[in-house]
Amino acid sequence: ACAYVHRVTRKHSINVSAEPAFASRWLRPRLSGFRDQHPEIEIHLFSGWDQKSLQGSNIDVVIHFEERLKEFVHISDRLFPIYGFPACSPEFLEKVPGVVTFADFNHLPLIHDNSRLMWRRWFNEYVPDSTAWRSGYVYSDLSLAIDAATDGEGVFLADDIICRNEISQGKLVRLLPDDMLCTWYCAGITDDHSRNSAANVFLDWLISISGHQQGKGSLTLKT
């Protein structure tokens, strides 16, 4: 009862949970724009990976990978796709002789985020006879995997949105011109809060600003 009264008295306060890398690298730097447009709405941003991390947090809006979002909401909107491509640090690249080819990935150390699924899909598409995707280092979320790649631990499936800073600063170098659709970032309002007008305003803003991310960028390759 106390939690309900507390929520009613804060009609313009909403809780947003986002996948950790999205929260820190994409959403947080843009929230000031929302606050400027809607000073009457207070945003509380939480970084969450799974349902357990959301328990007791009274979340209004959830942002996650498309395949994971169904754990939290029944209806969601796509924000933008993530296209992955092999990348590594310049220091690691110095250890690889010549121009990198698909065959080289049978021997290069791989960096995985959360599971080996993305590298497995990549190998199925480009090196179908290989089982090298089973090797490498697994990190619990995308941000940790990005840090491991920039520190020179191996090769990572990067992208030009979440990894934009690392790419623009030269901390990650693209190895091949080919890329693969890995997933979509999606957002939805939790069922209990579907009538929250502030949550709907935030979701509309989020969909609007994410539209320009639909296009794919380009990176300089090693030659």
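Colleagues, I begin with Asp60, which is buried at a relative accessible area of 0%; buried here means under 20% relative accessible area, exposed over 50%, and partly exposed in between, with a 1.4 Å probe and protein chains only. The model is predicted: local features need pLDDT of at least 70 and side-chain atom pairs count only at pLDDT 80 or more, while totals for chains, interfaces and linings use all residues. Residues are numbered from 1 along each chain as its sequence is written, and side-chain values use heavy atoms, with hydrogens and water left out.

Where does Asp60 lie? Asp60 belongs to the loop between β2 (42–47) and β3 (61–65); helices (H or I, at least four residues) and strands (E, at least two) are DSSP runs numbered from the N terminus. A polar atom of the Asp60 side chain is 2.7 Å from the backbone nitrogen of Asn15. That is a polar contact, defined as N or O atoms within 3.5 Å; within protein, one must be able to donate a hydrogen and the other to accept it, and residues adjacent in sequence count only if both atoms are side-chain atoms. Asp60 and Asn196 are separated by 136 residues in sequence, yet their C-alpha atoms are 7.9 Å apart in space.

I turn to the salt bridges. The term requires a side-chain nitrogen of Lys or Arg within 4 Å of a carboxyl oxygen of Asp or Glu. How many salt bridges does this rule give? The count is four. One of them joins Glu166 to Arg25, with 2.5 Å between the closest N and O atoms. This pair links distant parts of the chain, since Glu166 sits in helix α8 (residues 164–168) and Arg25 in helix α2 (residues 20–27), 141 residues apart. Is Glu166 buried or exposed? Glu166 counts as buried, at 11% relative accessibility, whereas Arg25 is partly exposed at 21%.

A salt bridge also forms between the side chains of Glu66 and Arg78, at 2.9 Å from N to O. Here too distant parts of the chain are linked: Glu66 is in helix α4 (residues 66–69) and Arg78 in strand β4 (residues 77–88), twelve residues apart. Both partners are partly exposed, Glu66 at 32% and Arg78 at 45%.

In a further salt bridge, Arg174 meets Asp179 at 3.7 Å, N to O. Arg174 is buried, with a relative accessible area of 6%. Shared partners, moreover, join Arg25, Asp147 and Glu166 into one network of salt bridges.

Arg174 has another neighbour to mention. It lies over the face of Phe85, 4.1 Å from the ring centre; the criterion is NZ of Lys or CZ of Arg within 6 Å of the ring centre and within 35 degrees of the ring normal.

Phe85 leads us to strand β7, where its bridge partner is Ala158. β4 and β7 run antiparallel and are joined by three bridges; two strands pair if DSSP finds at least two bridges between them. β5 pairs with β7 in the parallel sense over two bridges, and Leu110 has Val155 of β7 as its bridge partner. Within β7 (residues 155–158), Val155 and Leu157 point one way, Phe156 and Ala158 point the other way, and all are buried. In a regular strand, side chains alternate between the two faces of the sheet.

Next, helix α7 (residues 142–150). At its start, a side-chain oxygen of Asp141 comes within 3.0 Å of the backbone nitrogen of Ser143. The buried residues of α7 include Leu142, Ala145, Ile146 and Ala149. What covers them? The cover includes α2, β5, β6 (137–139), β7, α8 and β9 (180–189), contact being heavy atoms within 4.5 Å. Just after α7, Gly152 adopts a positive phi of about 85 degrees.

Lastly, the aromatic residues. The structure holds 17 aromatic pairs. Phe105 and Trp119 form a tilted one, 6.1 Å centre to centre with 40 degrees between the planes. Phe105 is in the loop between α5 (90–93) and β5 (110–113), and Trp119 in helix α6 (residues 117–126), 14 residues apart. For such pairs, rings of Phe, Tyr and Trp (its six-membered ring) have centres within 6.5 Å; planes under 30 degrees apart count as stacked, over 60 as edge-to-face and the rest as tilted. Phe105 is buried at 0%, and Trp119 is buried at 2%.
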